[in-house]
Amino acid sequence: MNRFEGQVAIVTGGALGIGGATSRKLASEGARVLIADIDMDAAIANADGITTAGGVAQVVRCDVSSHDDIRAMVSAAVEEWGRLDILVQNAYGVASAHGDSLGSAVTVSEEAWDNGMAVLTKALYLGTKYAVPEMTKSGGGNIVNLASVHGILMAPKMLIYEAGKAAVIGMTRQMAIDFGPEGIRVNAICPGHILTEGLAKMWEGNEAGLKFFEDQYPVKRVGQPEDIANAIAFLCSEDATFITGHSLFVDGGLTIQLQEDFGVQQAKYAREHSELTLD
Ligand SMILES: NC(=O)c1ccc[n+]([C@@H]2O[C@H](COP(=O)([O-])OP(=O)(O)OC[C@H]3O[C@@H](n4cnc5c(N)ncnc54)[C@H](O)[C@@H]3O)[C@@H](O)[C@H]2O)c1
């Protein structure tokens, strides 16, 4: 398939992980891809791999917490290739979700909140601000924002990450309304646990832990970066032209479940209240 022939894409955080796989996927189907990242060595390595495979990719240093960097990133794509069709807003150090930013509303610092929101939400507003006028000139386009299952399912002490990802789902729906008339679709992806290079390293030597984790998924595995890259490519493709404002859960069924013992509790409750049956 060559679904993105002639198109230009930017992938923030496009060096590694989900962004890395997305850059490769879009390039493998004909897009010219600008990899925007803070890790230049990894960005160049990914771009080199794409080029060797016959694709077209360039890199730009961009810290998505910087307004100037985001503006320059969009300009760089347009200066290089004359148009912009796809923006994948993906950059975030997942490790940060478990580092300084962990905590409740009582314990997180204002600085951690501001830093987290700069990358999780403000960066997406700014990316969209500069990408939309260029996409409009190209006759339309696609924006895909990376949310998470944590945008709807909450865990203790993850205020910043979860508030940020919930906001991404809301921003996606709102932006889809504003830019639909311009021919721009805006969608989000909510991944479950994806074994990126970084998370694979985290599980090294803890096969039992990973197995326990995988068993929480109805499909009995966690995801690979390619699972998400494939879904992003679908949303950007002609197969999805009537889909906008949608948050697609690519999570092996994780979020469709009730808690493991919910059925047991429900049956117990029904027995104690004999007027109820569960048949
Ligand atoms: N991996 C998962 O299990 C998972 C699950 C749900 C959602 N997500 C979301 O998917 C996205 C990608 O996650 P991942 O696991 O692939 O991350 P990752 O840590 O593997 O890779 C992130 C990439 O972004 C870059 N980056 C980090 N901070 C940046 C910044 N300020 N500016 C520019 N680039 C920056 C890194 O250098 C790296 O190339 C994130 O938005 C994350 O919240 C990931």
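Biologist: Among contacts in the chain between residues at least 6 apart in sequence, what percentage join residues at least 24 apart?

Modeller: Bear in mind that this is a predicted model: local features need pLDDT of at least 70, side-chain atom pairs count only at pLDDT 80 or more, and totals for chains, interfaces and linings use all residues. Residues are numbered from 1 along each chain as its sequence is written. Two residues are in contact if their C-beta atoms, placed from the backbone, lie within 7 Å. On that count, the share joining residues at least 24 apart is 73%.

Biologist: What radius of gyration does the chain have?

Modeller: That radius is taken over C-alpha atoms, and the globule rule is 2.2 Å times the number of residues to the power 0.38. For 279 residues, a compact globule would come out near 19 Å, which agrees with the chain's 20 Å.

Biologist: In what order do the seven strands of the open sheet come?

Modeller: Helices (H or I, at least four residues) and strands (E, at least two) are DSSP runs, numbered from the N terminus. Two strands pair if DSSP finds at least two bridges between them. The pairing here is parallel, and the order is E3-E2-E1-E4-E5-E6-E7.

Biologist: Which are the edge strands?

Modeller: Look for strands that pair on one side only. Those are E3 (56-61) and E7 (247-250).

Biologist: Is strand E1 largely enclosed or exposed?

Modeller: A residue is buried if 20 or more other C-beta atoms lie within 10 Å of its own, exposed if 12 or fewer, and partly exposed in between, with C-beta atoms placed from the backbone. Val-8, Ile-10 and Thr-12 point one way and Ala-9 and Val-11 the other, yet all are buried. Since five of the five residues of E1 (residues 8-12) are buried, the strand is largely enclosed.

Biologist: Which residue of E4 stands opposite Val-11?

Modeller: E1 runs parallel to E2 (residues 32-37) through five bridges, and Val-11 stands opposite Ile-35 there. Three bridges join E1 to E4 (residues 86-89), also parallel. In E4, the residue opposite Val-11 is Val-88.

Biologist: What hand does the β-α-β crossover from E1 to E2 have?

Modeller: A crossover is right-handed if, with the strands pointing away from the viewer, the path from the first strand over the helix to the second runs clockwise. The chain passes from E1 through helix H1 (residues 17-28) to E2, and this crossover is right-handed.

Biologist: At about what angle does helix H4 run to E4?

Modeller: Axes are lines fitted to C-alpha atoms, for helices over the stretch in contact, and angles run from 0 to 180 degrees between N-to-C directions. H4 (residues 110-137) lies across E1, E4, E5 and E6, and its angle to E4 is about 175°.
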